[in-house]
Amino acid sequence: MELQTFKSQVLPVKDKLFRIALNMMRSVEEAEDILQDVMVKLWDKRAQWGEYRNLEAFAVTITKNLCLDRLKSKRMKGHFDIQEMELDSGAVSPYQRIELDDSVKTMVRVFEQLPDQQRLLITLRDVEGYSYEEIAEQTGLEVNNIRVGISRARKKAKEDYLKIANYEQQ
């Protein structure tokens, strides 16, 4: 029964957990290590699964905590490998392609400068598509605090992006 529960409830969310870890760690290898640690921790805590209302939220919480622990312990100042991102531009001219690439690089740079918690909230809400209530369940924050955090993160990202974009145009 435990193996079936693991296969039906945990394995389907492993891609989400990987994306969260990748977004926080900014390294494919680190994200893979975190994901493996999460799976082991979840399996080791299988006797306690009944205590949790939402196993997926529990898995996201473990992922977030492992990432934060690793970031704190290594004091890593990693960077996102922009070459791993590929824009499928279709019929975009080379000039538009360069502009899009520059915009993406600038946005990634701005996103990396956000505090860890704001980056996590943006990832959960805008990338993973979680509702505010699901984010509250996963992070332990109040819904109003989540809304404020996301709003501040978006505002800061926009301001920083515009500063960089306007400076580069001059």
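Colleague: Let's start with Ser151. Where does Ser151 lie?

Modeller: Ser151 lies in helix H8, which covers residues 143–169. Keep in mind that this is a predicted model.

Colleague: And is Ser151 buried, exposed or partly exposed?

Modeller: The general idea is to look at the relative accessible area: under 20% is buried, over 50% is exposed, and anything in between is partly exposed. Ser151 has 43% relative accessibility, so it counts as partly exposed.

Colleague: How far apart are Ser151 and Ile122, in sequence and in space?

Modeller: Along the sequence they are 29 residues apart, while their C-alpha atoms are 9.2 Å apart in space.

Colleague: Let me step back to the whole chain. How many helices and strands are there?

Modeller: The protein chain has eight helices and zero strands. Reading along the sequence, you get the pattern α-α-α-α-α-α-α-α.

Colleague: What share of the residues is buried?

Modeller: Of the 170 residues in the protein chain, 36% are buried. As for the surface, the chain exposes about 11,000 Å², and 49% of that comes from carbon and sulfur atoms.

Colleague: How much of the contact involves residues 24 or more positions apart?

Modeller: Take the contacts with a separation of 6 or more: residues 24 or more positions apart account for 65% of them.

Colleague: Can we zoom in on Val10? What is its relative accessible area?

Modeller: Val10, which is found in helix H1, has a relative accessible area of 1%, so it is buried.

Colleague: Which residues does Val10 touch?

Modeller: Leaving out residues up to four places away in sequence, Val10 touches Thr5, Met39, Leu42 and Leu55. Another pair to look up is Val10 and Phe58: they are 48 residues apart in sequence, with 10.0 Å from C-alpha to C-alpha.

Colleague: How do I read two helices packed together?

Modeller: Two packed helices are described by the angle between their axes and the distance between those axes. Glu2, Leu3, Phe6 and Val10 of H1 make the contact with Met39, Leu42 and Trp43 of H3.

Colleague: And at what angle do H2 and H3 cross?

Modeller: The axes of H2 and H3 cross at roughly 135° and come within 8 Å. That makes H2 oblique to H3. Here, too, you can read the handedness: the crossing of H2 and H3 is right-handed. On the H2 side the contact residues include Leu17, Phe18, Ala21 and Leu22, and on the H3 side they include Ala31, Ile34, Leu35 and Val38.

Colleague: What lies in the loop between H2 and H3?

Modeller: Arg26 is found in that loop, between helix H2 (14–25) and helix H3 (28–44).

Colleague: What should I look for in the backbone there?

Modeller: Most residues other than glycine have a negative phi. Arg26 is not a glycine, yet its phi is positive, about 60°. Its relative accessibility is 15%, so Arg26 counts as buried.

Colleague: One more pair, then. How do H6 and H7 cross?

Modeller: H6 (residues 116–127) and H7 (residues 132–139) have axes that come within 10 Å and cross at roughly 135°. H6 and H7 are therefore oblique to each other, and H6 passes H7 in a right-handed crossing.

Colleague: Which residues meet between H6 and H7?

Modeller: From H6 you have Leu120, Leu121, Leu124 and Arg125, which meet Tyr132, Ile135, Gln138 and Thr139 in H7.

Colleague: While we're at H6, is Gln118 buried or exposed?

Modeller: Gln118 belongs to helix H6. With a relative accessible area of 16%, Gln118 is buried. Setting aside neighbours within four places in sequence, Gln118 is in contact with Gly149, Arg152 and Ala153.

Conventions: Residues numbered from 1 in each chain as written. Predicted model: local features only at pLDDT ≥ 70, side-chain atom pairs only at ≥ 80, totals over all residues. Heavy atoms only, no water. Helix = DSSP H or I, 4+ residues; strand = E, 2+ residues; numbered from the N terminus. Buried < 20%, exposed > 50% of the residue type's maximum accessible area, 1.4 Å probe, protein only. Contact = heavy atoms within 4.5 Å. Areas by Shrake-Rupley, 256 points an atom, 1.4 Å probe, with all protein chains shown as cover. Axes fitted to C-alpha atoms, helices over the stretch in contact; angles between N-to-C directions. Parallel < 35°, antiparallel > 145°, perpendicular 65-115°, else oblique. Left-handed = near helix turned anticlockwise from the far one by under 90°.
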